[in-house]
Amino acid sequence: MATLNRPNRLTLNAFSDANRAGSQYSRFTNTLKNPILGAKGCQLVNADFVNSSLQLNDENGQLMFFYYTSATQAGIRTQANLRCIRLLPSWFVPYAGFTAFTPNKYFNTGTELAAALTTAATAGGDSSTYNPIWVAGQVTFSFDTTTRRFSVAANGTNYIAPAPADDPFVIDQVLGTTTPTNVIKMNAINSSNTYATATFQPFTQGMTMNARLGYSLSFSARGAFWGSTSQVGCATSSGVPSLSSGVPVPADTLPILLGVQNVGVYLSISTGGGMDAFKKNLIASIPIDAAPYAINSYTTNSVEVPSLSTPNEIFDVTVELLDDSGAPFLIPNNMNTQIGLVLYY
């Protein structure tokens with residue numbers, strides 16, 4: 001039986017946290033009017049939040065496509081031959097008068113995305129000042145509506161080869177290990193219109209746009225058509241750079257235009273009750289099955305699997321949301337999140 005200090009259900013709302021600050025949040029705290037006493041376990045039974053991630057996530061490196069280019073096929077994979085085509089985050093605000101960028105947005109079709117990437121690869125679509133490994137006019141992107149696959153083709157006489165996300169040269173590039181002045185940045189409104197004061201492009205090590213478009217092979221993987229002329233670091237099924245200019249290099253797999261696939265929900269009161277690869281206090285992993293900016297509603301099944309490690313006295317509860325990569329799942333401050341729990345005594 002529920003009593004004043006022993007409720008059966010508890011609903012948590014982001015809008016009930018008056019201390020949320022900034023334009024986005026990934027965690028919130030609800031202070032309870034009456035403490036919960038003697039609870040032995042809790043279980044998430046429902047969750048409602050807005051899928052605030054676009055098809056390409058703004059925050060974790062999915063906006064950068066890496067490839068190698070060279071006048072010869074042999075030895076194409078070098079740090080100096082690495083190039084990047086990128087979109088700027090949808091929330092990016094440029095320095096006054098700066099227009100040399102292509103923003104991320106809601107893409108209705110693969111064709112729209114391919115057109116945006118081609119724009120980003122064309123003169124005026126980016127800036128070599130802030131993307132030092134960008135060269136205009138080298139590649140064109142396309143999307144085949146029959147096969148549902150992306151392709152990238154070289155425009156000039158150079159060969160190209162998509163690079164794997166875990167390629168040591170790609171990781172070196174995003175971290176700026178060898179050449180710090182080649183790190184990809186954004187000329188945002190809070191900069192001084194110089195590279196030195198520009199904002200870093202968000203990234204997660206080992207994650208790029210390539211895999212989202214279907215170029216999913218890892219650095220050590222060998223494709224189905226690997227042969228004597230294949231090269232490590234050429235992330236296609238053949239491992240061979242493009243045969244000639246203008247010939248598309250099709251992706252090996254279908255794209256996954258889903259910025260976030262699952263959202264992990266962590267509770268301050270689920271002390272050690274659950275865990276994943278990122279942290280403890282996991283209460284549920286919720287699949288995303290709603291389009292961007294639509295409400296993602298989740299209801300657990302009837303199986304009772306409570307977290308049995310809760311404090312004896314509960315005065316407040318903090319909810320934290322992380323995406324597949326362990327990065328904060330950011331939700332605009334004008335969008336609510338509701339978490340429903342049942343409590344066991």
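Analyst: Let's start with what counts as a pair: rings of Phe, Tyr and Trp (its six-membered ring) pair if their centres lie within 6.5 Å, with planes under 30 degrees apart called stacked, over 60 edge-to-face and the rest tilted. By that rule the structure holds nine aromatic pairs. One of them is Tyr25 with Phe28: the ring centres are 6.3 Å apart and the planes meet at 80 degrees, so this pair is edge-to-face. Tyr25 and Phe28 are both buried (under 20% relative accessible area; exposed is over 50% and partly exposed lies in between, with a 1.4 Å probe and protein chains only).

A word on the model before going on. It is predicted, so to speak of local features we need pLDDT of at least 70, and side-chain atom pairs count only at pLDDT 80 or more, while totals for chains, interfaces and linings use all residues. Numbering runs from 1 along each chain as its sequence is written, and side-chain values use heavy atoms, with hydrogens and water left out.

Phe98 and Tyr130 make another edge-to-face pair, 5.6 Å centre to centre with 80 degrees between the planes. This one ties together distant parts of the chain, 32 residues apart: Phe98 is in the loop between β6 (82-86) and α1 (110-121), and Tyr130 in the loop between α1 and β7 (139-144). Helices (H or I, at least four residues) and strands (E, at least two) are DSSP runs here, numbered from the N terminus. Phe98 and Tyr130 are buried too.

Then there's a cluster: Phe65, Tyr67, Phe141 and Tyr215 come together as one aromatic group. β7 and β8 (residues 149-154) run antiparallel and are joined by six bridges; two strands pair if DSSP finds at least two bridges between them. The open sheet they belong to has three strands in the order β7-β8-β12, with antiparallel pairing. Its edge strands are β7 and β12 (249-250), each pairing on one side only. α1 packs on this sheet and touches both β7 and β8, its direction making about 180 degrees with that of β7. For that angle, axes are lines fitted to C-alpha atoms, for helices over the stretch in contact, and angles run from 0 to 180 degrees between N-to-C directions; contact itself means heavy atoms within 4.5 Å.

Lys185 lies over the face of Phe200, at 4.9 Å from the ring centre, and the charged end of Arg222 sits over the ring of Trp226, 4.5 Å from its centre. To qualify, NZ of Lys or CZ of Arg must be within 6 Å of the ring centre and within 35 degrees of the ring normal.

Last stop, Tyr298 in strand β15 (residues 295-299). At 22% relative accessibility, Tyr298 counts as partly exposed. Leaving aside residues up to four places away in sequence, Tyr298 touches Leu44, Val45, Asn46, Ala47, Ile286 and Pro287. The C-alpha atoms of Tyr298 and Pro287 are separated by 8.1 Å, with the two residues eleven apart along the chain.
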